[in-house]
Amino acid sequence: MSELTTLESLLEMGFDRNRAEKAVANTGNQGIEQAMDWLIEHDNDPDIDEPYVPPVGSVLGGGADSQSATDQPTLADTAEGTADGNIIDDDDDSEKRSLTEEEKLEQVKRLEELMRVKQAERRERERAEELEREKQRRKQGQELQQIRQKLQDDDMKKLAEQRRREKMEDKLARQRVKEKIARDREERAQKFGGGPPSTAASCQPAQPSPSSPTSHGPPPTKKEYDESRIQVRLLDGSTITTVFKAQEPLAAVRVYVQMNSNTPEGQDFTLLSPYPRHIYTELDMEKPLKELGLVPSAVLVVTKK
């Protein structure tokens, strides 16, 4: 009657009958410790309290013991104590039942202690698993932080490289302007007798200039440029270049930038000259490029207004 003893022991310890029957059946009635282990492991199962339905031809999960179980009295028969001709006399039955109760109490105490040990082991195991999960979470968090830091470093490198390119483009633009100015000076010097226009003493190309340094004759005629090559640096660092008539207003350059740049529609902007720095106003927009000193070439920068 080991099956009944295991079931009774679980009931004495306070386990629900449905859970106790499931534990005995699922452990193959191998003993109280195995049944307790099963109850502790499956305590949080969602179907733990669903009614237990034993398989056909099996009592509490016992396959080989089904025949013997049919020949043995059930718990209800034992509790009822019905007279079927096989019950011993009252005195012997009372003595054995008293002895069984004492043994039961002692066994329940041992099992309760064993259950406390099992529960403590389970709590320790769950605590160790939680610590391991926490370690994994921290490790994943550190890896994620490293990835974010790497992305930030990459973005900073890209930004630094973009700024370096912008500075290089500005430097090249300034160099081209200087070279253009130098070529213009050389052309004027060759045209007006080998000297720069500021030091030329001639008044006209077809007439000799007076030799007297105090002469107040008309200044030498400068070359008249009717076109201007304008280079515009946009908000994203790119540049566009085109040629305008010297008498066209600065507003023509502004319209060209609006039509040929990636400036968002409706976003207002202004133009400035970096060398020397000068921000052009609305009044300047109506002035010719020649009057603003943007002939024969110039570099303008687009800035947000």
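Q: What makes the passing of helix 2 and helix 3 a right-handed crossing?
A: In this predicted model, helix 2 passes helix 3 in a right-handed crossing, a term that applies because the near helix is turned clockwise from the far one. The axes of helix 2 (residues 17-26) and helix 3 (residues 32-41) come within 8 Å and cross at roughly 120 degrees.

Q: Which residues make the contact of helix 2 with helix 3, and how do they divide into nonpolar, polar and charged?
A: Helix 2 contributes Arg19, Lys22, Ala23 and Asn26, while helix 3 contributes Ala35, Trp38 and Leu39, and these residues divide into four nonpolar, one polar and two charged.

Q: Why is Asn29 called buried?
A: The relative accessible area of Asn29 is 13%, and buried means under 20%, so Asn29 is buried. Asn29 is found in the loop between helix 2 and helix 3, and its phi is near 55 degrees, a positive value in a residue other than glycine.

Q: What makes strand 2 and strand 4 the edge strands of the sheet?
A: The open sheet has five strands in the order 2-1-5-3-4, with mixed pairing, and strand 2 (239-245) and strand 4 (277-279) each pair on one side only. From one strand to the next, the twist averages 30 degrees.

Q: How do you know that strand 1 and strand 5 count as paired?
A: Pairing requires at least two bridges between two strands, and five bridges join strand 1 (residues 227-233) to strand 5 (residues 297-304), so the pair meets the requirement. These two strands run parallel, and Arg229 stands opposite Ser297 in strand 5.

Q: Which strands does helix 7 touch where it packs on the sheet?
A: Helix 7 (residues 250-260) touches strand 1, strand 2, strand 3 (269-274) and strand 5, and its direction makes about 145 degrees with that of strand 2.

Q: Which residues are joined by a cis peptide bond to Pro276 and to Pro296, and where do these prolines lie?
A: Tyr275 is joined to Pro276 by a cis peptide bond with omega about -10 degrees, and Pro276 lies in the loop between strand 3 and strand 4. Val295 is joined to Pro296 by a cis peptide bond with omega about 10 degrees, and Pro296 is found in the loop between strand 4 and strand 5.

Conventions. Residues are numbered from 1 along each chain as its sequence is written. This is a predicted model: local features need pLDDT of at least 70, side-chain atom pairs count only at pLDDT 80 or more; totals for chains, interfaces and linings use all residues. Side-chain values use heavy atoms; hydrogens and water are left out. Axes are lines fitted to C-alpha atoms, for helices over the stretch in contact, and angles run from 0 to 180 degrees between N-to-C directions. Helices (H or I, at least four residues) and strands (E, at least two) are DSSP runs, numbered from the N terminus. Contact means heavy atoms within 4.5 Å. Ala, Val, Leu, Ile, Met, Phe, Trp, Tyr, Cys and Pro count as nonpolar, Asp, Glu, Lys and Arg as charged, and the others, Gly among them, as polar. Buried means under 20% relative accessible area, exposed over 50%, partly exposed in between (1.4 Å probe, protein chains only).
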